[in-house]
Amino acid sequence: MLGRVSAPSTDARLGDDDIGHVDRPIGQAGRLASEHRDRFAFRAAPLDLTRPTRARQRLALPGRLFYGSAMRQILTGLVALLISAGALAQSDTETIMRARIDAAIADGLTPGLSASLLLADGTRIDHQAGLTDQRNNAPVEPETRFLSGSVGKTITALVAVQLADEGVLDLDAPVEPWLSGRDWWPALANHDGMTLRHLLNHSAGVPDYLEDIDFFLAGLTRGQRGFTPNETVGFIAGDGAEGPLGQHFSYSDTDYILVGLVIEAATGEAFYDLAQSRIIAPLGLSQTEPLQSRDFARLANGHRRGWFGLSPTARNGRLRRNLDHEWTAGGWVTTPQDLVTLYRALGAGGMFEAEGRTMRADYNAFEPGGAAGYGLGLYVRVTGEGTYRISHGGDFGGYRSAVLHDSATGLTLASQGNAKDFEAPGFNYELWQAVSQ
């Protein structure tokens, strides 16, 4: 594992479900659910089916026939009891989930909120609350969509890992052959010896273009014209490195723009086409769409904090600004239902289980030898012997997203809200804590 120069920022933009949210109490809803389950505990007296019973003697039935009939009745009762207990546990989980989400809306954390939970057995529990459009009092519905933000980095990394498995790319070879022809390459920080792994686990030290003043000023005068990947990287060319190559952690959207450029150069295909054929279509992510325009069906109105309260970043399915520069750093429109499908596929038994192992192995540790860090397109926390939790968050365009998969409980959970102020990673982590009790 790679070392880390300094502790990770608690900025929720990073999306780690654990940073700043370790060992939180499960809250009253979780305790009530636990107490509710305890009231239904029971003890059954041991049965001796070898002794004749008065009923058997009265009916004069053959012992073997009676034994089979009695055993069937007992087994039928036990199965019914197990089904009832399972239904009760699911009911408790759904009650906790609804209460937490409704409380978040009542507390004004975000105008609208949608969440999806996949249980270990594949059962899905969804809940939505609040408004997607406050002006028209339109509620958030199961089909309501949000910008994914940086959660989309998981898709980019997954495509890169697949190409590496096929021999098209090499995670540990220099990216220079794919990028050296770009005008900004000689001025790019840490370019000498930079590999795909450095970019994917944020140890490359390349500055983040989203935090560059020149990018910000250019956006004020550009109107609705987008930025090309070449242009976004150009904004930070010549800036100093954020840390030594391969020996630190510095989160940067530019890292993933560079990964996208490498993927397209190596394959000769458009990244979104590759992602569609390799990830989106096979998983049936029917609500997930590339962020390539301003108009999207069923898009919630996003919000930022303005001078007089919340200011919309989108209305009636139309973004106020062209945001397609996010591209391979997280340029997707999606739903919590699709996000949990994606993250479940990276776990045991999932469609992309093998890729998931690669993505969380040899993560860039936040502390030397630590149990948490950034892998390839996702945050990783080792929770025990052979168990782990993977996660990511997103903060983009007035929308917040978070998703996690926990191998120990088998739960996969995603939450999305339509306000930049909404701390989705923290909310999602605490909701997972509550429903996993």
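Two strands count as paired if DSSP finds at least two bridges between them, and in this predicted model E15 and E16 run antiparallel with 6 bridges joining them.

**View 1. Strand E15 and its two partners.** On the E16 side, Ser401 stands opposite Gln416. The E15–E16 hairpin has 5 residues between its strands, and Gly410 there takes a positive phi near 75 degrees. Over on the E14 side, the pairing is again antiparallel, with 8 bridges, and Ser401 is the bridge partner of Gly394. Here the hairpin has 2 residues between the strands, with Gly397 in the turn at a positive phi of about 65 degrees.

**View 2. E15, covered on both faces.** Of the 8 residues in E15, 8 are buried. One side carries Tyr399, Ser401, Val403 and His405, and the other has Arg400, Ala402, Leu404 and Asp406.

**View 3. The whole open sheet.** Its 9 strands follow the order E3-E2-E1-E16-E15-E14-E13-E12-E11, paired antiparallel. E3 (138-139) and E11 (364-365) sit at the edges with a single partner strand each, so one side of each has no neighbour in the sheet. Helix H11 (residues 336-345) packs on the sheet, touching E1, E2, E14, E15 and E16, and its direction makes about 145 degrees with that of E16. E1 and E2 are joined by 7 bridges, one of them pairing Leu117 with Ile125 in E2.

**View 4. Two nonpolar cores.** The largest has 71 residues, and Leu188, Leu258, Ile263 and Phe271 touch the most other members. Helix H4 (residues 153-165) gives the most to this core, with 8 residues. Beyond its close sequence neighbours, Leu188 contacts Met194, Val206, Val233, Ile236 and Leu258. A second, separate core has 22 residues, including Ile96, Ile125, Ala434 and Val435.

Terms used: Residues numbered from 1 in each chain as written. Predicted model: local features only at pLDDT ≥ 70, side-chain atom pairs only at ≥ 80, totals over all residues. Heavy atoms only, no water. Helix = DSSP H or I, 4+ residues; strand = E, 2+ residues; numbered from the N terminus. Contact = heavy atoms within 4.5 Å. Axes fitted to C-alpha atoms, helices over the stretch in contact; angles between N-to-C directions. Core = buried A, V, L, I, M, F, W, Y, C linked by side-chain atoms within 4.5 Å. Buried < 20%, exposed > 50% of the residue type's maximum accessible area, 1.4 Å probe, protein only. Lists of a residue's contacts leave out its neighbours within four places in sequence.
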